[in-house]
Amino acid sequence: MFKLIESPAPCEVWSVIRFLSARNLSADIHRQICEVYGATAMCEGKVRNIMASVFWDRHGVLLVDFMQRGNHHKCVLVKKPEIEQELKPTQLVEGKPGKLVAKVSGEPKPKVTWLKDGKPIALNGRFSMEEAEDGTVALLINNVTPDDAGLYSLVVSNDEGEATSQAPVSTIPPGKKPEFIKELEKVDLLEGQPLRLEAKVTGKPTSIKWQKDSEDLSDDGRVQLSESPDGTIALTIEKAKQSDAGKYTVIASNAEGKARSAALVQVQEIKKPELEGTLEPLTIKDGETGELKVKASGIPKPTVTWLKDGKVLRPTNRVESIEEPDGTLALVIKNARPEDAGQYSVLVQNPLGEAKSAAPVLVEQAPTFQKPLEPVNVVEGYPAKLEAKLAGSPPPEIKWLKDGEEIIPDNLHIREVRSPDGTVALLIDDCKPEDAAKYSLVAKNPLGESSSSGKLGVSGKDSDAPPSKPCFVSPLPNLTVKEGEPIRFEAEISGNPLPDISWTVNDRPLTPADNTLITFDGEKAILEIRSSTPDHIGTYQCKLSNRLGEANSEGSVSVQEKSAPHFIQRLNDFNGFINQPLRLSCKVTGYPEPEVDWYFNGDLISAANPKYHLSKLGEMHTLAIPNCTVGDNGVYECKAKNPVGEDHTRAAVNISDKVEKGEPPFFLKKIGDNEVMEGMTAKFTACITGSPTPEVAWFKDGQPLEPSPRHKMELESTGILRLIVREVEEGDYGDYSVTLTNCQGSATCSAKLCPDSKDLLDFLTPRRVALLVMATIVALAWLIAMLLPPEFYCSPEGTLGDIEDFVYRCTANCKCADK
C-alpha cells in the first residue's frame, strides 16, 4: 500500500519537516536536497514548494517525490534493513584466517551485530569486521581454531526494523581435503531396473556435485541425490532408461581442495523372450539318440528350463541340454529308454516374461516282458490266474497259446484282462484236470516279437498224507488301503483232504466276479479284489472245512475314500521388508493326492522360475523367495485339485522398503488355559503383532504340533491367532505353547488343556456316592478284621445296617482294648 500526500495541508507539511529534521539523513540525501534547493531547503516554504508527494513503497521505503524546474525527482528518506546477500555455509581451515561475507542495505545506515550460537561476538584481536560503501559486511577471524565452528548470525537494525541471516560454519585441519574411501563402481543393468551409484567420502566436503558426461545433475525427482552423515553419497534412479547410460562423476570439495570419483553405467535394452518355431514331435528307437531343438531370443539372455510331463528335467549322462551362441536350444537324449517317453517342453524366461513350446517324445521298443509268466498250481474247482507285465511301443498285439495252440478267450470259462500299466492276465474259471498245460503269451509289434511261458498245474483234493483237520498256518491280517488300490488276502492253510474254502464279507458270501478273484493252490487261499471302493470296508472271513472239521480266520479292511482337496492349514497374510526372505506355507489333504499350483496376481508360477523355491514335504507345500523386492507385493494363491474336487487359499503380501519400521513379535493377548470334556472342542486364542509378519509354531508338551483334521491353526490379517482342537481325546490334555519368530526377534507363551472340573461332579451321582460309601465301609471292615485278634473277628454279612453295626462294634472293641 502507498501512502500518498497530494496538496499537503500546513499540518502535514510541518509533520514532514519535523520528520525530516528528526531523521539522521545520510550525507548523500542531504547533499542532493541542498544542491537542488540550496542550504535553506528545509524551511517551510521550500518544503511546500518542492514536495509533490510522500509515500511508502511495497518494501517499506519512505520516498519523497519533488519537482525542480518541471522535472520530477525522487529521494529515499528511510528504508528498513534488508539482507541483499545472505550468509552461506562456510568451511574454515584451522590455523588460517577465515571470512564470513554478506551484503546489507537500509536507511538510515543499519547497525551490524554478529553472533555465534546465539551469543554476541566481541570484536577483539581475533574477530574484526569490515564494511564497504556498497553495503558489503564481513566478519574476519584470525587464526581459526576448532572452537570457531558453530552457527553464525548477522543482525542488521535501524529505527525501522531489523533483518537477520545465519549459516553454519565448520572447521577442518589444514591439508585435509576430501578423499574417497569408497569409489563409484561400474554398473551394468537392464532397462527398467533401479540404478544406484554409491560412494563414501571423508574430509567434511562442503560441496557435492554430480555430473553425467560432464554435465551437471540436479535432484529433479527422477534423479535422486542423497548425502548421509557418515559420508555416504548416492545417486538413485528408480527405473533406468537407455539414455541414462554414460559416465557419472561425483566431485567433493572443501576449503582445502577437491576429490572426484567416476564410473561407467551401461543400460541394456530388454526384450521379451521369443521362440522361433516350435518343438517338433520326436520318435526314437530304443537305444538310439534323439534331439529336440528350437531357437530362442530375448534381452537379457533368457534362462532355459526343460520339463518332462510338467516336472523340471535334471541333466544326466544320457540327457543333456545344449545352448548355442546363436540362441539354438537342444535337448539330446542318448541311448533312449522306454521311460524317456513323455511330453517334453522348453521354458525360456527373463524379467519381461516367458515363452514355452512342447512336443511329445515316443520311444519305439520291441515287446519285452517286465514280469514273465510264472508256473501256477491250483486245486480242482478253483479259478487260476496266469499273469505277466509287458512293455513295448507301439503297444504290442498279444495272443495266448495252450501247448502251442492258440486259444481264444470265451469270456466264460477263459477271460483276458488288460491293465493300463501293461499287466496282462488270463483267468481260467473252475479249473479241471484238462486245463493243466503249458501256456504261452506272445507279444508282437513292428519292432519285434517276444514270448513267455508258464505251466498250469491242477491237483485234486486227496493226498497220501495222514488225514487232518483244516487249520490256518497264517491267519488273515487287517488291511488298510486307499480307494482304487487292490485288496489281497493270502492265508497259508493245511488239512487233508484239502478243505473247501468259502469267503464272506460282513457275513455275506463272496463269489468270483470281474473285480473279485478267489484262488487256491493247495497251500494258500487267496482273495484278490482288483480295485477297492468304500463298499469293500468290513470284516472278511475265510472258512475252511473238510470231513474232519472246520477252521475260521478273520481280517478287516479299511478303505480310505477319495476326497476333494482341503487346506487344513491356510496361507497367512505377510508383511515384510526388501532383501528379506518370504515364506508362505499351507497344508492340504485329499485323495488321490492333489496337484498343487501356485499363482501370483492370477498368473501361474512356473516351478522352473529361479526366483521362486517351491517345495513339498508330505502334505505341506511351501513357496519361498530368498530376497524380496517391492515388486513382490501382491496376492499369492495356492490351488489344489484332484478328480474329486478342488480348493484354494490366498494371502496378501506387502513388502516395504523401509526396514527401520520392523518390530519383534509381541503378544497383545496371550493364550489361556482350557478346561473341556472329552469329545468337546478346545480353542486357544491370542492376539499378536510384529513386522515382518512372524512365523508361527505350535507345540504340545514340547513337541511340534502339525495341522490335522482335528487340529486347525489360523492366523488372521488382524493378528488374531487360533489353535482349535476338535473332539478332544485323553491324549490331547497337556501343555501347549506357541512361538512367534521374525528377523527382529521371537516371543513365546503357553497354556494348559485339562479336563473340565465339572466332570467329577457329573460323575458323582447319588447312586455312585452310595456305592462308594458302601465299598469304603466294606474295605474298612476287612482291614479291621486283618488287624484285630481272632476274638474280635466277625463276618460282615447281611444288610448295610448289619455292616455298619459290625463296624461300630469292632471299633468299640478296639477302643476298649486300647484302654
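Analyst: We begin with Gly679, which counts as partly exposed because its relative accessibility is 46%. This is a predicted model, in which local features need pLDDT of at least 70 and side-chain atom pairs count only at pLDDT 80 or more, while totals for chains, interfaces and linings use all residues. Residues are numbered from 1 along each chain as its sequence is written, and side-chain values use heavy atoms, with hydrogens and water left out.

User: What are the limits for buried, partly exposed and exposed?

Analyst: Buried means under 20% relative accessible area, exposed over 50%, and partly exposed in between (1.4 Å probe, protein chains only). Arg318, at 14%, therefore counts as buried.

User: Where is Gly679 found, and which residues is it in contact with, leaving aside neighbours within four places in sequence?

Analyst: Contact means heavy atoms within 4.5 Å. Gly679 is found in the loop between strand E57 (674-676) and strand E58 (682-691); strands are DSSP runs of at least two residues (E), and helices of at least four (H or I), numbered from the N terminus. With those neighbours set aside, Gly679 is in contact with Glu727 and Val728.

User: Which side chain makes a polar contact with the side chain of Arg318?

Analyst: A polar contact is a pair of N or O atoms within 3.5 Å; within protein, one must be able to donate a hydrogen and the other to accept it, and residues adjacent in sequence count only if both atoms are side-chain atoms. Here the partner is the side chain of Asp340, at 2.9 Å. Arg318 itself lies in the loop between strand E25 (311-312) and strand E26 (319-323).
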